[in-house]
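Please examine the sequence and the coordinates shown here.

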Amino acid sequence: MPQDWLLGLLGGALIGLAAAAYLLINGRVMGASGIIGSLVDRTARENARERIAFLAGLVLFPGVAALVTGTANTHVTGNLALVAVAGLLVGVGTRVANGCTSGHGVCGISRLSLRGIVATVFYIGAGGLTVVLFRHLLGWI
Amino acid sequence: MRFLAAFLSGGLFGIGLMISGMTDTRKVIGWLDIFGDWDPTLAFVMGGAIIPMAIAWQIAARRATPALGGTFPAPPEPRLGRNLVVGSVLFGAGWGLAGLCPGPAIASIVWGGVGGAVFLVTMILGMVAAPSIKQSLAGAQTT
């Protein structure tokens, strides 16, 4: 669709505003993998309830929007074994690297953090190579 | 107040992910598919998000404390290290396979179906296992 880039820019601006609010109001870096990861591995207990509140908003708002519009679709592949491997890789990788697209990408790059920039180069590079291998060479995705 | 603010930030993040197309795995895989039918949308998402956040960091640098008290995050750690690279490569591989990263995986759980649920559960299992994997990586480095 021709207006995809505009929706991308608008949605991106909302993501940036959410990260800005979380920093300026709560004093926290909005990194999705850290927010959920530190809950499930029980590190950083002192702010657990704040992170649970963040996750509740993250589930509820788009959930209600999806129910209202009825058009939301993630188009996740039906190959559940592949999905499970992908989930494990994302879970381990983001916690070992200490950040994902929101933490290293949005919050890191915007403060010119070298770690954020290097992480982003490597996860986009690895993602690109994975798509080449599994879509174009193997035809699995 | 802290919880309400966090709840609303999470909600705004989720709506942004949804509008931008980040919860649609076809768009994410399309962005990573540089040798196929490349979809540039994600570059606009990143640009749109980084600009307000860069302004926010500038504002934070001029303030003593966040609006609701506490302290601002420490300056970024300058050291890169092997964990950053190894972890990012593993994460990128998983991101390319399924087209989901942690934020959109959580945001889409209501309508993501069985695939979304399998992804979220295995992602959490990976996160639980990560500290011990990190330790063995550190062990391998010293020996």
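## Basis of the report

This is a predicted model, in which local features need pLDDT of at least 70 and side-chain atom pairs count only at pLDDT 80 or more, while totals for chains, interfaces and linings use all residues. Residues are numbered from 1 along each chain as its sequence is written, and chains are lettered from A and ligands numbered from 1 in the order in which they are written.

## The two chains

Chain A contains six helices and zero strands, giving the order α-α-α-α-α-α from the N terminus. Helices (H or I, at least four residues) and strands (E, at least two) are DSSP runs, numbered from the N terminus. The C-alpha atoms of chain A fill a box of roughly 45 × 35 × 30 Å along the principal axes. Of the 141 residues in chain A, 56% are buried; a residue is buried if 20 or more other C-beta atoms lie within 10 Å of its own, exposed if 12 or fewer, and partly exposed in between, with C-beta atoms placed from the backbone.

Chain B likewise has six helices and zero strands, and its elements run α-α-α-α-α-α from the N terminus. The C-alpha trace of chain B spans about 45 × 45 × 30 Å along its principal axes, and buried residues make up 52% of its 143 residues.

Two residues are in contact if their C-beta atoms, placed from the backbone, lie within 7 Å. Among contacts between residues at least 6 apart in sequence, those joining residues at least 24 apart amount to 43% in chain A and 48% in chain B.

## The interface

In the interface, 99 residues of chain A are in contact with 102 residues of chain B. On the side of chain B that touches chain A, at least two residues each come from α1 (2-20), α2 (25-32), α3 (41-61), α4 (81-98), α5 (102-107) and α6 (113-142) of chain B. That side of chain B has 67 nonpolar, 29 polar and six charged residues. Here Ala, Val, Leu, Ile, Met, Phe, Trp, Tyr, Cys and Pro count as nonpolar, Asp, Glu, Lys and Arg as charged, and the others, Gly among them, as polar.

One helix pair joining the chains is α1(A) and α1(B), which pack at an angle of about 165° with their axes 7 Å apart. The angle makes α1(A) roughly antiparallel to α1(B), a term for angles over 145 degrees. Axes are lines fitted to C-alpha atoms, for helices over the stretch in contact, and angles run from 0 to 180 degrees between N-to-C directions. The residues of this contact divide into 16 nonpolar, seven polar and one charged.

## The nonpolar core

A nonpolar core is a set of buried Ala, Val, Leu, Ile, Met, Phe, Trp, Tyr and Cys residues joined through C-beta atoms within 7 Å. The largest core has 81 residues, of which Ala18(A), Ala19(A), Ala49(B) and Phe119(B) touch the most other members. Helix α1 (residues 4-26) of chain A provides the largest share of this core, ten residues.

Not counting residues up to four places away in sequence, Ala49(B) touches Gly12(A), Ala13(A), Ile15(A), Gly16(A), Ala19(A) and Val106(A).

## Positive phi values

His75(A), a residue other than glycine, has a positive phi near 55°. His75(A) is placed in the loop between α3 (48-69) and α4 (80-96) of chain A, and it counts as partly exposed because it has 15 C-beta neighbours inside 10 Å.

Asn98(A), also a residue other than glycine, has a positive phi near 65°. Asn98(A) is found in the loop between α4 and α5 (101-109) of chain A, and it counts as buried because it has 22 C-beta neighbours inside 10 Å.

How values were computed. Parallel < 35°, antiparallel > 145°, perpendicular 65-115°, else oblique.
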